[in-house]
Amino acid sequence: MTTILITGANRGLGLGMAKHAADRGFTVIGTARNPDSADELKSIASRVELLDTSSRESIDALAQRLGDEPIDILVNNAGIFPHECDDINDLDFDAFERVLRTNTFGPLMLTKAIVPNVAKSDRKLIVSITSNLGSITDASKGQMGFLGYRTSKAALNMANATMAHQLKPKGITSVVVHPGWVQTDMGGQAADLSPDQSTSSIMNTIDQLSAKDNGRFVDYKGDELPW
Ligand SMILES: NC(=O)c1ccc[n+]([C@@H]2O[C@H](COP(=O)([O-])OP(=O)(O)OC[C@H]3O[C@@H](n4cnc5c(N)ncnc54)[C@H](OP(=O)(O)O)[C@@H]3O)[C@@H](O)[C@H]2O)c1
(Lines give C-alpha, C1' and ligand atoms only; values in the text may rest on other atoms or scores of the structure.)
Protein backbone atom coordinates (compact mmCIF):
# COMPACT_ATOMS: atom_id res chain seq x y z
CA MET A 1 0.00 0.00 0.00
CA THR A 2 1.38 3.39 -1.05
CA THR A 3 1.37 6.15 1.55
CA ILE A 4 1.42 9.73 0.29
CA LEU A 5 1.79 12.82 2.46
CA ILE A 6 0.60 16.07 0.86
CA THR A 7 1.09 19.48 2.49
CA GLY A 8 -1.50 22.24 2.11
CA ALA A 9 -4.06 19.59 1.17
CA ASN A 10 -7.17 21.41 2.44
CA ARG A 11 -7.76 23.36 -0.80
CA GLY A 12 -6.46 24.04 -4.30
CA LEU A 13 -3.91 21.71 -5.86
CA GLY A 14 -3.19 19.88 -2.62
CA LEU A 15 -6.84 18.88 -2.26
CA GLY A 16 -6.95 17.83 -5.94
CA MET A 17 -3.88 15.62 -5.57
CA ALA A 18 -5.34 14.13 -2.38
CA LYS A 19 -8.52 13.18 -4.29
CA HIS A 20 -6.60 11.50 -7.11
CA ALA A 21 -4.33 9.72 -4.64
CA ALA A 22 -7.38 8.42 -2.73
CA ASP A 23 -8.89 7.21 -6.05
CA ARG A 24 -5.72 5.15 -6.52
CA GLY A 25 -6.27 3.51 -3.15
CA PHE A 26 -3.29 5.25 -1.57
CA THR A 27 -3.15 5.93 2.15
CA VAL A 28 -3.50 9.72 2.04
CA ILE A 29 -2.09 11.85 4.84
CA GLY A 30 -3.23 15.38 4.10
CA THR A 31 -1.89 18.26 6.13
CA ALA A 32 -3.67 21.50 6.95
CA ARG A 33 -2.98 24.55 9.08
CA ASN A 34 -6.51 24.27 10.39
CA PRO A 35 -7.68 20.63 10.33
CA ASP A 36 -10.96 21.54 12.06
CA SER A 37 -12.19 23.35 8.96
CA ALA A 38 -10.71 20.89 6.41
CA ASP A 39 -14.03 19.09 5.88
CA GLU A 40 -13.56 18.10 2.23
CA LEU A 41 -10.06 16.79 2.93
CA LYS A 42 -11.34 14.83 5.94
CA SER A 43 -13.92 13.12 3.70
CA ILE A 44 -11.26 11.72 1.34
CA ALA A 45 -8.00 11.43 3.30
CA SER A 46 -7.03 8.54 5.53
CA ARG A 47 -6.13 11.18 8.06
CA VAL A 48 -5.55 14.91 8.38
CA GLU A 49 -2.50 16.18 10.24
CA LEU A 50 -1.91 19.66 11.61
CA LEU A 51 1.05 21.32 9.89
CA ASP A 52 2.31 24.85 9.38
CA THR A 53 5.22 24.34 7.00
CA SER A 54 6.76 27.68 7.97
CA SER A 55 7.20 26.52 11.59
CA ARG A 56 10.04 24.23 12.63
CA GLU A 57 8.12 23.36 15.83
CA SER A 58 5.09 22.31 13.81
CA ILE A 59 7.27 20.21 11.48
CA ASP A 60 9.08 18.56 14.40
CA ALA A 61 5.74 17.77 16.05
CA LEU A 62 4.47 16.10 12.85
CA ALA A 63 7.70 14.11 12.53
CA GLN A 64 7.22 12.93 16.13
CA ARG A 65 3.64 11.86 15.41
CA LEU A 66 4.72 9.99 12.25
CA GLY A 67 7.34 8.06 14.22
CA ASP A 68 8.86 5.45 11.92
CA GLU A 69 5.85 5.21 9.57
CA PRO A 70 7.09 4.79 5.97
CA ILE A 71 6.10 7.62 3.61
CA ASP A 72 6.31 6.50 -0.04
CA ILE A 73 5.62 9.90 -1.60
CA LEU A 74 6.13 13.27 0.08
CA VAL A 75 4.48 16.12 -1.82
CA ASN A 76 5.70 19.54 -0.74
CA ASN A 77 2.75 21.53 -2.09
CA ALA A 78 1.93 24.30 0.43
CA GLY A 79 2.88 27.70 -0.90
CA ILE A 80 2.04 31.40 -0.95
CA PHE A 81 2.27 34.21 -3.51
CA PRO A 82 2.40 37.56 -1.69
CA HIS A 83 2.46 40.50 -4.09
CA GLU A 84 4.03 42.97 -1.63
CA CYS A 85 7.44 41.70 -2.77
CA ASP A 86 6.84 41.71 -6.54
CA ASP A 87 9.06 44.68 -7.40
CA ILE A 88 12.51 45.81 -6.19
CA ASN A 89 11.32 49.44 -6.35
CA ASP A 90 8.72 48.79 -3.67
CA LEU A 91 9.87 45.64 -1.93
CA ASP A 92 8.38 44.64 1.42
CA PHE A 93 11.09 42.51 3.05
CA ASP A 94 8.67 41.02 5.57
CA ALA A 95 6.65 39.60 2.69
CA PHE A 96 9.87 38.47 0.98
CA GLU A 97 10.94 36.66 4.16
CA ARG A 98 7.48 35.06 4.42
CA VAL A 99 7.55 33.73 0.86
CA LEU A 100 11.07 32.33 1.27
CA ARG A 101 10.14 30.72 4.59
CA THR A 102 7.01 29.11 3.17
CA ASN A 103 8.02 28.21 -0.39
CA THR A 104 11.71 27.41 0.12
CA PHE A 105 12.58 26.72 3.78
CA GLY A 106 9.26 24.91 4.42
CA PRO A 107 9.78 22.12 1.86
CA LEU A 108 13.40 21.74 2.98
CA MET A 109 12.62 21.68 6.71
CA LEU A 110 9.91 19.07 6.17
CA THR A 111 12.06 17.02 3.80
CA LYS A 112 14.94 16.99 6.30
CA ALA A 113 12.58 15.97 9.12
CA ILE A 114 10.99 13.03 7.31
CA VAL A 115 13.78 11.73 5.07
CA PRO A 116 14.01 8.66 7.36
CA ASN A 117 10.32 7.91 6.74
CA VAL A 118 10.75 8.27 2.96
CA ALA A 119 13.95 6.19 3.01
CA LYS A 120 12.18 3.25 4.63
CA SER A 121 9.33 3.23 2.07
CA ASP A 122 9.03 1.36 -1.24
CA ARG A 123 8.63 4.36 -3.62
CA LYS A 124 11.14 6.73 -1.92
CA LEU A 125 9.86 9.76 -3.83
CA ILE A 126 9.91 13.48 -2.95
CA VAL A 127 7.91 15.82 -5.20
CA SER A 128 8.07 19.54 -4.57
CA ILE A 129 5.53 21.72 -6.34
CA THR A 130 7.44 24.56 -7.94
CA SER A 131 6.56 27.02 -10.73
CA ASN A 132 7.78 27.88 -14.19
CA LEU A 133 8.13 31.38 -12.67
CA GLY A 134 11.19 29.90 -10.90
CA SER A 135 12.92 29.41 -14.25
CA ILE A 136 15.86 31.82 -14.58
CA THR A 137 16.04 30.98 -18.31
CA ASP A 138 12.46 32.15 -18.84
CA ALA A 139 12.90 35.24 -16.65
CA SER A 140 15.99 36.26 -18.58
CA LYS A 141 13.94 36.09 -21.81
CA GLY A 142 12.04 39.11 -20.55
CA GLN A 143 9.24 37.90 -18.26
CA MET A 144 8.88 40.56 -15.57
CA GLY A 145 7.60 40.94 -12.04
CA PHE A 146 6.97 38.62 -9.10
CA LEU A 147 10.49 39.05 -7.68
CA GLY A 148 9.85 37.41 -4.31
CA TYR A 149 7.80 34.45 -5.58
CA ARG A 150 10.16 33.77 -8.50
CA THR A 151 13.16 33.85 -6.15
CA SER A 152 11.50 31.42 -3.72
CA LYS A 153 10.78 28.90 -6.48
CA ALA A 154 14.18 29.31 -8.20
CA ALA A 155 15.78 28.61 -4.82
CA LEU A 156 13.52 25.59 -4.33
CA ASN A 157 14.59 24.34 -7.77
CA MET A 158 18.28 24.69 -6.88
CA ALA A 159 17.72 23.06 -3.50
CA ASN A 160 16.07 20.13 -5.24
CA ALA A 161 18.87 19.79 -7.80
CA THR A 162 21.36 19.71 -4.92
CA MET A 163 19.48 17.46 -2.52
CA ALA A 164 18.75 15.02 -5.37
CA HIS A 165 22.46 14.17 -5.32
CA GLN A 166 22.65 14.21 -1.53
CA LEU A 167 19.66 11.88 -1.06
CA LYS A 168 20.47 9.55 -3.96
CA PRO A 169 22.62 7.25 -1.77
CA LYS A 170 19.48 6.63 0.33
CA GLY A 171 17.65 5.56 -2.85
CA ILE A 172 15.43 8.66 -2.78
CA THR A 173 14.24 10.36 -5.99
CA SER A 174 13.61 14.13 -5.73
CA VAL A 175 11.76 16.03 -8.46
CA VAL A 176 10.30 19.55 -8.84
CA VAL A 177 6.98 19.75 -10.70
CA HIS A 178 5.30 22.85 -12.18
CA PRO A 179 1.51 22.35 -12.06
CA GLY A 180 0.65 24.69 -14.95
CA TRP A 181 -1.34 27.87 -14.46
CA VAL A 182 -4.32 26.63 -12.48
CA GLN A 183 -7.69 28.02 -11.37
CA THR A 184 -7.13 28.00 -7.62
CA ASP A 185 -7.27 30.81 -5.06
CA MET A 186 -3.63 31.46 -6.00
CA GLY A 187 -3.93 31.07 -9.77
CA GLY A 188 -7.22 32.96 -10.18
CA GLN A 189 -10.14 32.16 -12.46
CA ALA A 190 -8.41 33.33 -15.68
CA ALA A 191 -5.88 30.48 -15.41
CA ASP A 192 -5.49 27.86 -18.17
CA LEU A 193 -6.31 24.68 -16.27
CA SER A 194 -8.94 23.47 -13.84
CA PRO A 195 -7.54 22.01 -10.60
CA ASP A 196 -8.75 18.59 -11.75
CA GLN A 197 -6.96 18.83 -15.14
CA SER A 198 -3.71 19.80 -13.44
CA THR A 199 -3.82 17.38 -10.54
CA SER A 200 -4.96 14.33 -12.54
CA SER A 201 -2.01 14.95 -14.85
CA ILE A 202 0.41 15.55 -11.94
CA MET A 203 -0.65 12.26 -10.38
CA ASN A 204 -0.16 10.42 -13.71
CA THR A 205 3.31 11.97 -13.89
CA ILE A 206 4.04 10.95 -10.30
CA ASP A 207 2.98 7.37 -11.17
CA GLN A 208 5.71 7.30 -13.83
CA LEU A 209 8.55 8.85 -11.81
CA SER A 210 11.51 6.64 -10.96
CA ALA A 211 15.19 6.92 -10.04
CA LYS A 212 16.09 7.98 -13.60
CA ASP A 213 14.12 11.20 -13.01
CA ASN A 214 16.12 12.23 -9.95
CA GLY A 215 16.81 16.00 -9.90
CA ARG A 216 14.52 16.86 -12.85
CA PHE A 217 12.38 20.00 -13.30
CA VAL A 218 9.21 18.98 -15.15
CA ASP A 219 5.68 20.24 -15.72
CA TYR A 220 2.42 18.50 -14.81
CA LYS A 221 2.64 16.44 -18.03
CA GLY A 222 6.17 15.29 -17.16
CA ASP A 223 7.79 17.45 -19.84
CA GLU A 224 11.23 18.95 -19.11
CA LEU A 225 11.35 22.67 -18.25
CA PRO A 226 14.33 25.03 -18.68
CA TRP A 227 16.24 25.98 -15.53
N1 LIG B 1 -2.22 27.83 -9.00
C2 LIG B 1 -1.24 28.02 -9.87
O3 LIG B 1 -1.46 28.51 -10.99
C4 LIG B 1 0.17 27.61 -9.52
C5 LIG B 1 1.15 27.74 -10.51
C6 LIG B 1 2.45 27.35 -10.23
C7 LIG B 1 2.75 26.84 -8.98
N8 LIG B 1 1.79 26.74 -8.02
C9 LIG B 1 2.17 26.19 -6.72
O10 LIG B 1 1.30 25.13 -6.38
C11 LIG B 1 1.20 25.02 -4.94
C12 LIG B 1 -0.27 25.01 -4.53
O13 LIG B 1 -0.85 26.23 -4.98
P14 LIG B 1 -2.43 26.45 -5.07
O15 LIG B 1 -2.67 27.10 -6.39
O16 LIG B 1 -3.17 25.23 -4.69
O17 LIG B 1 -2.58 27.57 -3.94
P18 LIG B 1 -3.80 27.89 -2.93
O19 LIG B 1 -5.08 27.53 -3.58
O20 LIG B 1 -3.55 29.29 -2.49
O21 LIG B 1 -3.54 26.87 -1.72
C22 LIG B 1 -2.36 26.98 -0.99
C23 LIG B 1 -2.31 25.89 0.05
O24 LIG B 1 -1.07 26.03 0.78
C25 LIG B 1 -1.37 26.12 2.17
N26 LIG B 1 -0.36 26.90 2.91
C27 LIG B 1 0.07 28.14 2.68
N28 LIG B 1 0.98 28.50 3.60
C29 LIG B 1 1.12 27.43 4.43
C30 LIG B 1 1.90 27.16 5.59
N31 LIG B 1 2.74 28.06 6.12
N32 LIG B 1 1.78 25.95 6.18
C33 LIG B 1 0.94 25.02 5.67
N34 LIG B 1 0.16 25.21 4.60
C35 LIG B 1 0.26 26.41 3.99
C36 LIG B 1 -2.74 26.77 2.23
O37 LIG B 1 -3.30 26.53 3.51
P38 LIG B 1 -4.41 27.56 4.14
O39 LIG B 1 -5.74 27.14 3.56
O40 LIG B 1 -4.29 27.33 5.60
O41 LIG B 1 -4.02 28.95 3.73
C42 LIG B 1 -3.43 26.00 1.10
O43 LIG B 1 -3.81 24.72 1.53
C44 LIG B 1 2.01 26.19 -4.38
O45 LIG B 1 3.29 25.74 -4.02
C46 LIG B 1 2.09 27.14 -5.56
O47 LIG B 1 3.22 27.99 -5.47
C48 LIG B 1 0.50 27.12 -8.27
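Predicted model: local features only at pLDDT ≥ 70, side-chain atom pairs only at ≥ 80, totals over all residues.
Glu 49 itself comes out at 11% relative accessibility, so it counts as buried, the cut-off being under 20%.

Glu 49 also has a salt bridge with Arg 65, at 2.8 Å from N to O. That pair ties together parts 16 residues apart in sequence, because Glu 49 belongs to strand 3 (residues 47-50) and Arg 65 to helix 3 (residues 56-66). Arg 65 is partly exposed, at 40% relative accessible area.

The structure has ten salt bridges. One of them joins the side chains of Asp 207 and Arg 24, with 2.8 Å between N and O. This one reaches across distant parts of the chain: Asp 207 is in helix 7 (residues 195-208), while Arg 24 is in the loop between helix 1 (12-23) and strand 2 (27-32), 183 residues away.

How accessible are these two partners, Asp 207 and Arg 24? Both fall in the partly exposed class: Asp 207 has 35% relative accessibility, and Arg 24 has a relative accessible area of 29%.

Seven strands make up an open sheet, paired in parallel and ordered 3-2-1-4-5-6-7. Strand 3 and strand 7 (217-219) are at the edges; each has a single partner strand, so one side of each has no neighbour in the sheet. From one strand to the next, the twist averages 25°.

Further in, strand 1 (residues 3-6) runs parallel to strand 4 (residues 73-76), and the two pair over three bridges.

Helix 1 lies across another set of strands, namely strand 1, strand 2, strand 4 and strand 5 (125-129). Helix 1 runs at about 170° to strand 1.

## The two sides of helix 3

Which residues of helix 3 are buried? They are Ser 58, Ile 59, Leu 62, Ala 63 and Leu 66. Looking down the axis of helix 3, you find these buried residues within an arc of 140°, so they line one face of the helix.

What do the buried residues of helix 3 pack against? Their contacts are with strand 1, strand 2, strand 3 and helix 4 (93-119). On the other side of helix 3, Arg 56, Glu 57 and Gln 64 are exposed. Just after the helix comes Gly 67, with a positive phi of about 60°.

Methods
Residues numbered from 1 in each chain as written. Heavy atoms only, no water. Salt bridge = Lys/Arg side-chain N within 4 Å of Asp/Glu carboxyl O. Helix = DSSP H or I, 4+ residues; strand = E, 2+ residues; numbered from the N terminus. Buried < 20%, exposed > 50% of the residue type's maximum accessible area, 1.4 Å probe, protein only. Pairing = 2+ DSSP bridges. Axes fitted to C-alpha atoms, helices over the stretch in contact; angles between N-to-C directions. Contact = heavy atoms within 4.5 Å. Arc of directions from axis to C-beta.
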